[in-house]
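Please examine the sequence and the structure shown below before reading on.

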Amino acid sequence: MRPVRELLRRKLALLGLVVVVLTVGVALAAPLAAPHDPAEQLFDGLTLEGAPLPPGGSYWLGTDLLGRDLLSRLIYGARTSLLIGIAANGLAVAIGAAIGVIAGYAGGWLGSALMRFTDLMMAFPALLLAIVLAAVFSPSLWVVALVIAMVSWVQVARVVYAETQALARREFVEAERALGAGRLRILWHHILPHLVSTLLVWGTLGISTTVLLEATLSFLGIGVQPPTPSWGNIIFENQTYFGSAPWLVFFPGAAILALALAFNLLGDALRDVLDPMQRGRH
Amino acid sequence: MASYLARRLLQSVLILVGISLITFALLYLLPADPARQIAGRSASADVVASIRHQLGLDQPFYLQYLHYAGRLLTGDLGRSYVQRTDVASLIVARLPPTLLLMVGAITTELVLGLGMGIAAALNRNTSFDRALMVLSFVGVSAPQFVLGILLLYVFAVRLGWFPIGGYGSPQHLVLPALTLGILGAGWYARMMRSSLLDVLQQDYLRTAHAKGLGGAVVLLRHALPNAILPIIAMIGLDIGTFMSGIVVVESVYGWPGIGQLTWQAIQRVDIPIIMGVTLISACAIVLGNFLADLIAPAIDPRIKLR
């Protein structure tokens, strides 16, 4: 429990944790937390001229171009962001870890083939590849998550590969092998446990990247499709009016920034706490 | 050195071949039928079949790939579905604004990032250092399209200091370059900080101090050059982030470069353009990595041994 206590002592990590827990809580309790139906075009949601209402009054964060309550859309949008962020990153870490461990432990032609493939994927700009994939497969919530996972596993694979390779050469693994332990036993009992902290760090830091990628794809119109609210597509729908209704960009933008920042702060603190090599440096 | 270069060159060529294989496989998997696209909706099945034959779409996968790769080698990236011109010339026409934006963005991120990193390292473990590092995290976590729209709102719409998007004067460049640069600056600040802290712990700096050199001389002549060079070499690795960033930033600011071309192609599902830009970006990334590998041994001779 020492890492947990150490983590909670860091103010920034605690701030990140609070933001994450709050967002998860609000997302889970969306039907209770949201003051209105996110899809309902409210009768008094627009001014007489048909413009969106500014924040204040009965709609705390104002309304959007269609007269829907922005706060309710943001609360339901948190579901989309978290769902895709966590699912996509979980999948990316799983793929990356599998490829990294197999390549690092098996070595030989299989190892180099897998790592050359990783190098190859590294050469594609993530957003552009995601755009191509989203254009090839028509986007739905899970397709977006899948597309993001397919462009996000590369970093994890490289880190896990390097660590696995270093671990496989260590004396205690050598000793196990000399004692007659099988490859799977060594992998399960002696290599994987040492990778847990790396995977935990990437599992946290990576969510920040996947949340940003989902928001960007949705902003470009090829991510989550309206009317399902996502923080990115709320901005996509309303951006032409940002001059007269800046709150429609400001609030969802602040939400994306806060969530991405929270996972970044948490992941960075986790890395400091879990990685003994980093501790005490600088 | 020669064998190191030869090996890196061979690897780069192999990666380029792999990239062309993947882009081709994606085109092959595409549900949209190019023959149908060219023939138009009302064309008869015979017409579609003959176009299909003309384009070689009835040939096996590997033959189609060889044709595709051959066309790529002559600089033919296919034709746009919507604009009816070849993709390569569309991209070439949009290249100058994008290159200009990249220069502006790289300058911004280096000035901001290195400045913040150096300031943080020299004030290590003070609250100033911590504030700068939190700021760098905010830069890294900010979605570029939100940053772009907000900068546009504050500095162009409200304050009127800069034009509301467009292209043509130095004023037009400031906000897009800043938007792209702020994200990169966060990473560079963190790398610069730890690079300078590493260098400051080296023995040769203690020697420099011991022989009586002043703090400023030690910093400017001995510490900074050694700390900055490895980071400059990383610009080559940064091209991928840029190519992704320009799509968003150019669409926000109406900057008429490759990013805007891509954004328009996304709206019209003009796959050949999206594919062409992806391919060109991937090649630029491979080239950038290769150049970074070329520079690296010159900066750090130990790399030659590997």
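Predicted model: local features only at pLDDT ≥ 70, side-chain atom pairs only at ≥ 80, totals over all residues.

Residues are numbered from 1 along each chain as its sequence is written, while chains are lettered from A and ligands numbered from 1 in the order in which they are written.

Chain A contains 12 helices and 0 strands; helices (H or I, at least four residues) and strands (E, at least two) are DSSP runs, numbered from the N terminus. Its C-alpha atoms fill a box of roughly 80 × 45 × 35 Å along the principal axes. Of the 282 residues of chain A, 47% count as buried. A residue is called buried if 20 or more other C-beta atoms lie within 10 Å of its own, exposed if 12 or fewer, and partly exposed in between, with C-beta atoms placed from the backbone. Two residues are in contact if their C-beta atoms, placed from the backbone, lie within 7 Å. Among the contacts in chain A with a separation of 6 or more, 70% are accounted for by residues 24 or more positions apart.

One helix pair in chain A can be described in detail. Two packed helices are described by the angle between their axes and the distance between the axes. Helix 2 (residues 11-28) and helix 4 (residues 70-106) of chain A pack at an angle of about 110 degrees, with axes 8 Å apart. Axes are lines fitted to C-alpha atoms, for helices over the stretch in contact, and angles run from 0 to 180 degrees between N-to-C directions. Helix 2 of chain A is therefore roughly perpendicular to helix 4 of chain A. In these terms, angles under 35 degrees count as roughly parallel, over 145 as roughly antiparallel, 65 to 115 as roughly perpendicular and the rest as oblique. On the side of helix 2 of chain A, A:Thr23, A:Val24, A:Val26 and A:Ala27 meet A:Ile75, A:Ala78, A:Arg79 and A:Leu82 of helix 4 of chain A. By class, this contact has 6 nonpolar, 1 polar and 1 charged residues. Ala, Val, Leu, Ile, Met, Phe, Trp, Tyr, Cys and Pro count as nonpolar, Asp, Glu, Lys and Arg as charged, and the others, Gly among them, as polar.

Two loop positions in chain A also deserve attention. A:Gly45 is found in the loop between helix 3 (30-33) and helix 4 of chain A. It counts as buried because it has 21 C-beta neighbours inside 10 Å. Leaving aside neighbours within four places in sequence, A:Gly45 is in contact with A:Leu53, A:Thr63, A:Gly67, A:Arg68 and A:Asp69. In the loop between helix 10 (183-219) and helix 11 (231-238) of chain A lies A:Pro227, and the peptide bond from A:Pro226 to A:Pro227 is cis, with omega near 10 degrees.

How many residues of each chain take part in the contact between chain B and chain A? The contact involves 40 residues of chain B and 36 residues of chain A. Helix 13 (271-299) of chain B is among the elements that give two or more residues to the chain B side, and helix 13 of chain B gives the most, with 9 residues. By class, the side of chain B that touches chain A has 31 nonpolar, 8 polar and 1 charged residues.

The largest nonpolar core has 150 residues, and those with the most contacts inside it include A:Ile131 and B:Ile274. A nonpolar core is a set of buried Ala, Val, Leu, Ile, Met, Phe, Trp, Tyr and Cys residues joined through C-beta atoms within 7 Å. Helix 12 (residues 247-274) of chain A supplies the largest share of this core, 17 residues. Not counting residues up to four places away in sequence, B:Ile274 touches A:Ile131, A:Val132, A:Ala135, B:Thr262, B:Ala265 and B:Ile266.

B:Ile273 is found in helix 13 of chain B and counts as buried, because it has 26 C-beta neighbours inside 10 Å. Helix 12 of chain B is mostly covered, with 8 of its 10 residues buried. Just after helix 12 of chain B, B:Val269 takes a positive phi of about 50 degrees.
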